[in-house]
Amino acid sequence: MGLFLLDHGAGNVQSLANSLTKLGYTDFRWIRDAQDFADMNAISDTPPALIFPGQGAFHTAIQCLHAHGLFEPLQRYLDSGKPYFGICIGMQVLFASSAESPGTRGLGRIPCQIGRFDDTEKAVPHMGWNSAECIDTSDPTTTEGVSSTSHYYFVHSYCAKYDTSVAAAEWAHSTTQYGQEVFMSTVRQRNIFGTQFHPEKSGTAGLNILKTWIEQSRTGRTFAPPSSLFRLPRPPKPIDGFTKRIIACMDVRANDEGDLVVTKGDQYDVREKADPSNLTSTDTATLKTAGAVRNLGKPVALADKYYASGADELCLLNITSFRNSPLLDQPMLAVVRVAAEKIFVPLTIGGGIKDTVDPDGTRRSAVEVAGAYFRAGADKVSIGSEAVHAVEKLRSANGSGDGTSAIETISKMYGSQAVVVSIDPKRVYVDPTTYDGPYKDELVYGNDDGPENERGRAWWYQCTVSGGREMRPVSAVELAKGVQKLGAGEILLNSIDRDGTGLGFDHDLVLMIKRAVSIPVVASSGAGAKEHFVSVFKETNVESALAAGIFHREEVKIEDVKTAMQEAGFNTRAM
């Protein structure tokens, strides 16, 4: 069987290639234009099988298919009866249309429209790990490797609602519940199979689905729909299978010798603290490292370690180096490329994702920068300081975006789920009896039984830029609301005051942001024990929590965090 991957010109297609290589299928070929389709049969002496990997918005995917002359050849391929596997947007384009872009016509194989999740009682996008339940489990050969005991990685705002009263239900192969909504997580009929989740980013469980589909395609079997006997209503269960995510973050920068290392600081200062005047002559090692960039390991080695330990996502933040010219930062792009070859969970990249100008005067758009990292293997990009400036601009324009910010341009091209905004706020203490400023409705008051330095005090959270070094006249709540309006799909919520303290997450800050937005929030900064993860999930219902230093120094292990979460009754992803 000849194995082919369709590269429609947008999104992270490299991750699928990495997964196939991991599984030992190294002889695949790319389909990038109509001629590649025409050459399919000549290239291989066995029937071809095609995978359409997905990342991006519905309209972008369809436009790219037309622009590259792929739309009609793909239709003819689907008519041919040869095996097709669509992943995420590769599944959604099979439908007639999508509420994401109502004027755009899809391939029309499945006769209904993709709809948007209801965000009144849950965060949207649906971002994270969830279960999938096959409709027909009577014959193991029809499940395509999908297991109800596994979790798979989803990242989407739009879905195919499972409705047994419409013809599209005949395509349903498995369903997933998010909140109180049930949707089709896989579709299958005749030669066509599709997954809403990303098997290439779903660890061992996802790799098994890819392997099963490829091996079954090699037998020449024609896929048939499950019996209509199994088209039964599926009322929502009291609790869905959605899990809380644990994210390992790595701050990457060049040390003084020019090597890329993972570092970590307290309140963002990554230099080792040591006063040479207080050292004895025997403290040569400490003396040598005083003032040096703190080195906690190599980024690829740590990423591989955290993946093996069960991290649900990984985050690589480029905190120095060529952030002003990210496309010239070949070492960082190489780190992403090599890390993506080893890990099969989502990877977020941050640092320098903005419109830039190279030293030679070449202009680089934020979309171009993000695209380079997506092609290297990243799944999401994180935007920091640029988001603050974009919201300041939004405010000056009376709440109307002009479509030029990095958030707007990247989310338009790749979908909101591809854009994370990293917020770095710092407390501003005020007199609770006299303050009458613009953020009086956002004041947090210290509890009488809380930390001594907070009792009787009040504060609001002010945003910063440039790694926490510059304060800006924007509150954390104002920023969170603004970036959601501009098109961000997730918020990474840091806390300069808690960073490196080990005191636990700032629940007041997390709750405030959770109540202000309807997109997922990642709690960050302050974790010092496994119990801190349990408490932030219990008290704020945040979707995920992130840590860095405690994982790097092995003060807390990811496995122990997950065990504590399971004991507390939370759904977690098993390896």
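## Helix α11 and the residue after it

Helices here are DSSP runs of H or I with at least four residues, numbered from the N terminus. In this predicted model, local features need pLDDT of at least 70 and side-chain atom pairs count only at pLDDT 80 or more, while totals for chains, interfaces and linings use all residues. Residues are numbered from 1 along each chain as its sequence is written, and side-chain values use heavy atoms, with hydrogens and water left out.

Helix α11, residues 366–376, is mostly covered, since eight of its eleven residues are buried (under 20% relative accessible area, with a 1.4 Å probe and protein chains only). Among the buried residues of α11 are Ala-366, Val-369, Tyr-373 and Phe-374. Gly-377 follows α11 and has a positive phi, near 130 degrees.

## Packing of α1 and α7

Helix α1 (residues 14–23) packs with helix α7 (residues 203–218) at an angle of about 75 degrees, and their axes, 10 Å apart, are lines fitted to C-alpha atoms over the stretch in contact, with angles running from 0 to 180 degrees between N-to-C directions. Because of that angle, α1 is roughly perpendicular to α7 (65 to 115 degrees).

The contact (heavy atoms within 4.5 Å) involves Leu-16, Ser-19, Leu-20, Lys-22 and Leu-23 of α1, together with Leu-207, Leu-210, Lys-211 and Ile-214 of α7. By class, this contact has six nonpolar, one polar and two charged residues; Ala, Val, Leu, Ile, Met, Phe, Trp, Tyr, Cys and Pro count as nonpolar, Asp, Glu, Lys and Arg as charged, and the others, Gly among them, as polar.

Definitions and conventions. Helices (H or I, at least four residues) and strands (E, at least two) are DSSP runs, numbered from the N terminus. Angles under 35 degrees count as roughly parallel, over 145 as roughly antiparallel, 65 to 115 as roughly perpendicular and the rest as oblique. Buried means under 20% relative accessible area, exposed over 50%, partly exposed in between (1.4 Å probe, protein chains only).
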